[in-house]
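Student: Please take one part of this model and go through it closely. I would like the cut-offs behind each term as you go.

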Amino acid sequence: MTPRRHAPKVVLIGAGRVGFHLGQALFGQKINITQVFSRQLEKATFLAQKISAVGINDLTQVAPDADLYILAVKDDAIETVGRQIAEICAPEGLVVHTSGATPGAVLAGYFRHFGVFYPLQTFSMEKTPDFTQIPICVDANSPENLDFLQSLAQKLSPLFYHISDAQRAWLHVAAVFVNNFSNFMYFIGEKILDEENMTLE
Ligand SMILES: NC(=O)c1ccc[n+]([C@@H]2O[C@H](COP(=O)([O-])OP(=O)(O)OC[C@H]3O[C@@H](n4cnc5c(N)ncnc54)[C@H](OP(=O)(O)O)[C@@H]3O)[C@@H](O)[C@H]2O)c1
């Protein structure tokens with residue numbers, strides 16, 4: 001671990017559901033997020049203003065001197081974005097994605113230091129999550145990087161775990177089942193009440 005990582009500079013790539021909430025949660029723990037990327041500048045700036053960062057909409061503007069790059073982008077964009085920033089990121093920078101279903105190794109061909117920072121939670125823009133209740137699953141390509149991610153996760157939640165790619169994929173599948181099953185039950189409940197001219201509220 002480099003000494004600078006005790007006060008890391010973070011670049012957040014993605015201002016969607018995870019980026020939006022994770023960025024604010026990290027900022028709440030005094031983590032210095034310098035830039036927020038979205039392809040839509042307005043969206044990047046909206047989040048950036050909340051967390052004292054700068055919004056950007058061009059990956060070539062990504063800072064070359066960050067300690068941590070968080071790729072909170074859609075699963076199928078992780079590798080593409082990784083490839084685009086590979087030449088820009090500091091060689092000592094650690095690059096992580098936030099996906100449950102994507103192996104960390106998807107970043108292996110582009111970065112010396114890579115890992116995963118996966119919050120096991122369904123996020124929506126509308127609801128502010130309580131990160132202290134969210135398990136955070138981390139993995140990394142070296143013990144030093146893992147230490148760093150665990151110490152970062154610990155700032156957000158007491159529930160942080162070192163989880164392998166395979167374990168994370170199963171956790172993700174299980175979470176999808178639990179979520180979808182509960183939503184389906186709500187749907188049936190609402191339907192039953194609807195037939196009797198009542199509502200769940
Ligand atoms: N949603 C959840 O509940 C949840 C929970 C845990 C983990 N995750 C994981 O977290 C990651 C982000 O998910 P999310 O729910 O935050 O997704 P999201 O709300 O759909 O936001 C996706 C972000 O990815 C960006 N993006 C998509 N395609 C891109 C491309 N080709 N180039 C650059 N940026 C691109 C979008 O950019 P624009 O802003 O320009 O549209 C947006 O900022 C995924 O890996 C997902 O599996 C999601």
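Tutor: Buried here means under 20% relative accessible area, exposed means over 50%, and partly exposed lies in between (1.4 Å probe, protein chains only). Helices (H or I, at least four residues) and strands (E, at least two) are DSSP runs, numbered from the N terminus. The model is a predicted one: local features need pLDDT of at least 70, side-chain atom pairs count only at pLDDT 80 or more, and totals for chains, interfaces and linings use all residues. Residues are numbered from 1 along each chain as its sequence is written, and side-chain values use heavy atoms, with hydrogens and water left out.

β6 has paired strands to consider next; two strands pair if DSSP finds at least two bridges between them. Strand β5 (residues 94-97) pairs with β6 in the parallel sense over 4 bridges, and Phe114 in β6 is the bridge partner of Val95. Strand β7 (residues 136-140) runs antiparallel to β6 and is joined to it by 5 bridges. Within that pairing, Phe117 has Val138 as its bridge partner, while Pro119 stands opposite Ile136.

β7 is itself mostly covered, with 5 of its 5 residues buried. Ile136, Val138 and Ala140 are buried on one side of β7, and Cys137 and Asp139 on the other. β7 also pairs in the parallel sense with strand β8 (residues 160-162), over 3 bridges; there Cys137 stands opposite Tyr161.

The loop between β5 and β6 holds Thr102. Thr102 has a relative accessible area of 10% and is therefore buried. Its side chain makes a polar contact of 2.7 Å with the side chain of Ser99. A polar contact is a pair of N or O atoms within 3.5 Å; within protein, one must be able to donate a hydrogen and the other to accept it, and residues adjacent in sequence count only if both atoms are side-chain atoms.

β6 also takes part in the ligand site: β6 and α1 (17-28) each supply at least two residues of the shell around the ligand. There are 23 residues around the ligand, and Val18, Ser38, Arg39, Asp75 and Phe123 come nearest; a residue is counted as near if one of its heavy atoms lies within 4 Å. A polar side-chain atom of Asp75 is 2.5 Å from an oxygen atom of the ligand, and for a polar side-chain atom of Ser38 the distance to a ligand oxygen atom is 2.7 Å. In the side chain of Gln40, an N or O atom lies 3.4 Å from an oxygen atom of the ligand. Taken alone the ligand exposes 900 Å², of which the protein buries 84%; accessible areas come from the Shrake-Rupley method with a 1.4 Å probe, and for residues only the protein chains shown count as cover.
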